[in-house]
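Hello,

Here is the structure for your files. Please open it alongside this note.

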Amino acid sequence: SCQSPGLPPQPFPVTFRFNNRNSQSITVQVGESWPCERPIALFNCSGQSLPESAPIDNCTHCDGPGLAESVVVDAGGFADISWNGTVRSVPCSCRVLAMPAGRYTGRKPFLGPDGGSKTADFGFTLPTDGGIVEVDLIW
């Protein structure tokens with residue numbers, strides 16, 4: 001089973017820390033882009049994609065065009081992306097659902113020094129120990 005029994009359903013906030021383990025800088029998308037594109041793809045332990053993650057108090061961010069914010073992460077540096085542990089019931093909906101305690105996976109695309117793209121796949125558990133999930137981005 002993907003879910004951990006015994007814990008009540010509630011949002012389990014987490015910070016994904018993407019570590020640059022390369023000798024050169026890489027580029028990481030940290031903001032959402034329109035329409036409703038997350039900077040991290042999230043899946044349950046069965047491999048099913050989770051609906052769009054979004055802050056509980058933000059019902060309008062999908063209403064118009066937006067530009068994804070990206071940051072350059074120097075060699076040995078990191079970029080943090082916070083997630084409040086909720087997903088929207090359907091894309092661009094204001095109805096949010098707290099993700100239950102359990103096992104999940106994520107996929108993070110990033111750009112290398114030559115402009116090519118790669119993807120890092122990682123696993124994590126909610127709630128996380130200490131609230132941070134460390135993910136190494138290796139070119």
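This is a predicted model: local features need pLDDT of at least 70, side-chain atom pairs count only at pLDDT 80 or more; totals for chains, interfaces and linings use all residues.

Residues are numbered from 1 along each chain as its sequence is written, and side-chain values use heavy atoms, with hydrogens and water left out.

The structure has 3 salt bridges (a side-chain nitrogen of Lys or Arg within 4 Å of a carboxyl oxygen of Asp or Glu). Strands below are DSSP runs (E, at least two residues), numbered from the N terminus. For accessibility, buried means under 20% relative accessible area, exposed over 50%, and partly exposed in between (1.4 Å probe, protein chains only).

Arg-17 and Asp-80: the closest N and O atoms of this salt bridge are 2.8 Å apart. Arg-17 sits in strand 1 (residues 14-20) and Asp-80 in strand 5 (residues 78-83), 63 residues apart. Arg-17 is buried at 18%. Asp-80 is partly exposed at 33%.

Arg-21 and Asp-136: here the closest N and O atoms are 3.0 Å apart. Arg-21 is in the loop between strand 1 and strand 2 (26-29), Asp-136 in strand 10 (residues 132-137), so the pair ties together parts 115 residues apart in sequence. Arg-21 is partly exposed at 46%. Asp-136 is partly exposed at 39%.

Arg-107 and Asp-121: their side chains meet in a salt bridge, 2.8 Å from N to O. Arg-107 belongs to strand 8 (residues 102-111) and Asp-121 to strand 9 (residues 117-126), so this pair ties together parts 14 residues apart in sequence. Arg-107 is partly exposed at 38%. Asp-121 is exposed at 56%.

Best wishes

Terms used: Helices (H or I, at least four residues) and strands (E, at least two) are DSSP runs, numbered from the N terminus.
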